[in-house]
Amino acid sequence: MILDKISSLLDEINNLDAKTSEEVENLRVKYLSKKGEITALFDDFRTVAPEMKREVGQKLNELKVSAQNKINALKEKHAAEAAQAERLDVSREGTSHEIGGRHPISIVKNDIIDIFSRLGFTVAEGPEVEDDWHVFTALNFPLEHPARDMQDTFFINTNPDILLRTHTSSVQVRVMEHQQPPIRAIFPGRVFRNEAISSRAHCIFHQVEGLYVAENVSFADLKQTLLYFAKEMFGQQSQIRLRPSYFPFTEPSAEMDVSCSLCGGKGCSVCKGTGWLEILGCGMVDPAVLEANHIDSKKYSGFAFGMGVERIAMLRYQIKDIRLFFENDVRFLKQFQSAL
Ligand code: DAH
């Protein structure tokens with residue numbers, strides 16, 4: 001009787017399987033726990049006739065060992081499967097992190113800084129919220145000059161003395177009031193003008209200002225510096241042209257054109273058929289500006305220039321609408337990847 005029971009349990013156990021480690025644990029409880037079926041047979045063993053004890057005892061022990069082995073094997077199988085599931089799957093597609101790119105205005109600004117630093121210009125910055133003295137008065141703007149007009153300038157809290165700078169020329173004053181010549185520096189920064197926004201104009205834009213004050217600085221130095229800049233920025237074939245102009249803080253003053261790099265000067269739609277593109281204003285620092293900043297205008301002379309970064313970026317990348325620089329549309333910005 002008990003021998004039949006043992007052999008049927010042995011069959012059962014040899015065919016056991018479990019889908020999860022929980023099922024394995026249930027099988028252990030079913031056969032081997034205190035109330036398990038095999039444990040119960042050991043209780044029955046006491047009632048077995050003495051002459052049978054030896055044979056039954058042996059079979060019973062074999063059954064128990066088989067059950068333990070089987071359950072251990074199932075346990076190991078599920079543990080191995082769980083470990084496998086956690087293992088790194090090198091064939092899976094990775095999650096990549098996109099690297100950001102520089103804004104085109106930063107790229108061009110950094111290029112301008114690079115070019116002038118090769119000529120020994122250092123970089124300085126000044127405040128965006130300025131006063132009338134630094135933006136206008138110390139730069140020789142007459143009181144009735146239209147640039148002071150409410151229409152061009154953003155004033156702070158209707159205080160006509162505090163305003164958002166309309167050009168980076170204000171940093172010339174900031175530097176000259178703290179430093180005696182020689183001064184050779186550029187000033188990149190944001191400027192603000194109360195203008196209607198269009199494809200060609202924005203109320204916020206960027207300039208890079210340049211100032212060189214020392215003994216015997218001449219217009220020839222200015223021209224040579226700007227020619228070097230144009231060739232570095234737009235290519236070695238570039239030529240420049242200086243046209244007489246007027247700025248209150250320079251005398252003489254000029255506007256500089258660079259030969260159109262698209263048509264090589266023959267005339268195209270970008271240069272409107274002229275072969276030239278206007279890129280900056282410049283001139284010899286007016287002696288009145290040096291004197292306003294306590295620099296001896298008999299001993300020292302200087303040149304200055306100022307350029308719009310957006311304008312240069314638009315020419316370089318052939319961008320027709322200045323507003324694109326401020327909209328931060330990633331489809332636009334992604335096109336200007338550069339080495340960071
Ligand atoms: N500040 C002028 C502007 O915003 C640009 C300029 C012209 C700067 C001539 C200069 C300069 O330093 O010499 O239009």
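**View 1. Tyr 212 has Phe 303 of strand E10 as its bridge partner.** This close-up comes from a predicted model. Strand E6 covers residues 204-214, and strand E10 covers residues 301-308. The two strands run antiparallel. In total, 8 bridges join E6 to E10.

**View 2. Helix H10 packs on the sheet.** The helix spans residues 309-317. It touches E6, E10 and strand E9, which is made of residues 276-285. How is H10 angled relative to E10? The direction of the helix makes about 60° with that of the strand.

**View 3. An open sheet holds 7 strands.** Follow the strands across the sheet in this order: E1-E5-E6-E10-E9-E8-E7. Their pairing is mixed. Which strands stand at the edges? They are E1, residues 122-123, and E7, residues 240-247. Each edge strand has a single partner strand, so one side of each is left without a neighbour in the sheet.

**View 4. The ligand is surrounded by 15 residues.** The closest are His 167, Ser 169, Arg 193, Gln 207 and Glu 209. Look at Glu 209: an N or O atom in its side chain is 2.5 Å from an oxygen atom of the ligand.

**View 5. Backbone atoms of Ala 304 and Phe 305 also face ligand oxygen.** For Ala 304, a backbone N or O atom lies 3.2 Å from an oxygen atom of the ligand. For Phe 305, the corresponding distance from a backbone N or O atom to a ligand oxygen atom is 3.3 Å. How much of the ligand does the protein cover? On its own, the ligand has 360 Å² of accessible area, and the protein covers 89% of that.

Methods: Residues are numbered from 1 along each chain as its sequence is written. This is a predicted model: local features need pLDDT of at least 70, side-chain atom pairs count only at pLDDT 80 or more; totals for chains, interfaces and linings use all residues. Side-chain values use heavy atoms; hydrogens and water are left out. Two strands pair if DSSP finds at least two bridges between them. Helices (H or I, at least four residues) and strands (E, at least two) are DSSP runs, numbered from the N terminus. Contact means heavy atoms within 4.5 Å. Axes are lines fitted to C-alpha atoms, for helices over the stretch in contact, and angles run from 0 to 180 degrees between N-to-C directions. A residue is near a molecule or strand if one of its heavy atoms lies within 4 Å of it. A polar contact is a pair of N or O atoms within 3.5 Å; within protein, one must be able to donate a hydrogen and the other to accept it, and residues adjacent in sequence count only if both atoms are side-chain atoms. Accessible areas come from the Shrake-Rupley method with a 1.4 Å probe; for residues, only the protein chains shown count as cover.
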